Amino acid sequence: MEKINDLLGNAFTQHNKDRKIDSKALINEALQDSEVQAFIKQNQVPKEVVLSSLNNIFQFHQQKEAAKTGSNPIPGYLPKLILHGSTIDLAYAPTKEKSKELVRQKASRHLELIDIPKRYRNVTSKDIIANEDRKAAIIAINNFLMEIQGHEYKQGLYLQGDFGVGKTYLLAWLARALAEMGKKVIFLHTPIFFANLSTHIKEQNLDEEINRISQADILILDDIGAESLSQWSRDDVLGVILQYRMDNLLPTFFSSNLSFDDLEKHFEETRNNIEPVKAKRLMQRIKFLGKEVDVGGKNLRLDD
């Protein structure tokens, strides 16, 4: 291949007949751009293609230099060269900062918090303090995040531990990561959700809300076992949601202060009756959906 300078010298006059270029010096500067030279070499671009693409090469160099001074003509994006047929063309790729912003926007669109504080919306793996008490939960979450990218159903988790050990925080990290993958995630605080069922009844949209929650790609039920249930809310709301998710193999996650055995006792007793058989049926769904993982440690809320 001819040297860039020779190529320019041999053909610049002819090229100017077809395209208006401000000066030979500016074009020469663009052709000397290390990224331009690397692109031509890597793609073994013929000289005639380079010549027919001088305007695009010039624009690439000018826009790249402008971005360095903060006057990027397309804020958040940087130009890059691509080979489009017999022409070197321009494309645009987001900057690192723009990429992070796009990820945040994607996560915001896909993550819905219901009665969960907003501070849990943007938790990432960098915010998680790894210690021996959380080791099993962190490993389980990491494994799920790697395996969910396949097509087979992956069982969710039931994070069980004392008050304030960080179960909700771990699930917030999980929720954010899954939302960034494009999964529709509903993350709700179970006690408040059930306390507010009367609002949906008044607004005549309870069935719609149950269906929406049931069908989410990922459902996270935080603090299950702390809610007050009637026979109806246990069987016709929680039971219906869990049955749908079990039947359709939809990943579901839970956090609770109660072990499986204690949660079953909680479900036995409603406001009006004690029904161990129905409690067992409900627990069968939860055990199918979530693998029990202990989260230990001290109450971190006492440090606030």
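Author: Let's start with Asn56, which sits in helix α5, residues 54–68. Helices here are DSSP runs of H or I with at least four residues, strands are E runs of at least two, and both are numbered from the N terminus. The model is a predicted one, so local features are reported at pLDDT of at least 70 and side-chain atom pairs at pLDDT 80 or more, while totals for chains, interfaces and linings use all residues. Residues are counted from 1 along each chain as its sequence is written, and side-chain values rest on heavy atoms, with hydrogens and water left out.

Asn56 has a relative accessible area of 18%, so it is buried; that word stands for under 20%, exposed for over 50% and partly exposed for what lies in between, using a 1.4 Å probe and protein chains only. Its side chain comes to 2.9 Å from the backbone oxygen of Ile88. This is a polar contact, meaning a pair of N or O atoms within 3.5 Å; within protein, one must be able to donate a hydrogen and the other to accept it, and residues adjacent in sequence count only if both atoms are side-chain atoms. Setting aside residues up to four places away in sequence, Asn56 touches Thr87, Ile88, Asp89 and Leu90, where contact means heavy atoms within 4.5 Å.

From there, let's turn to other helices. In α2 (residues 24–31), Ile27, Ala30 and Leu31 are the buried residues. Looking down the axis of α2, these fall within an arc of 100°, so they line one face of the helix; the arc is that of the directions from the helix axis to the C-beta atoms.

Helix α3 (residues 34–43) has Val36, Phe39 and Ile40 as its buried residues. At the start of α3, a side-chain oxygen of Asp33 comes to within 2.8 Å of the backbone nitrogen of Glu35. After α3 comes Gln44, with a positive phi near 50°.

Most residues other than glycine have a negative phi. With that in mind, Asp223 is one to look at: its phi is positive, about 65°, although it is not a glycine. Asp223 belongs to the loop between β6 (218–222) and α12 (231–247). Ser230 is found in the loop between β6 and α12 as well. With a relative accessible area of 13%, Ser230 is buried, and, not counting residues up to four places away in sequence, it touches Thr270 and Arg271.

Next comes α12 itself, and its partner α11 (residues 206–214). Two packed helices are described by the angle between their axes and the distance between the axes. For α11 and α12, the angle is about 35° and the axes are 8 Å apart; axes are lines fitted to C-alpha atoms, for helices over the stretch in contact, and angles run from 0 to 180 degrees between N-to-C directions.

In the loop between α12 and β7 (252–256) lies Leu249. It is not a glycine, yet its phi is positive, about 50°, and at 42% relative accessibility Leu249 is partly exposed.

Finally, α12 and β7 are among the elements covering the buried residues of α14, as are β4 (156–160), α13 (260–268) and β8 (290–294). Those buried residues of α14 are Ala279, Leu282, Met283, Arg285, Ile286 and Leu289. They span an arc of only 155° around the axis, which puts them on the same side of α14. Val277 and Gln284 are exposed on the face turned away from it. The 14 residues of α14 (276–289) should span 20 Å at 1.5 Å a residue, and the end C-alpha atoms are 20 Å apart, which agrees; the expected span is 1.5 Å times one less than the number of residues.
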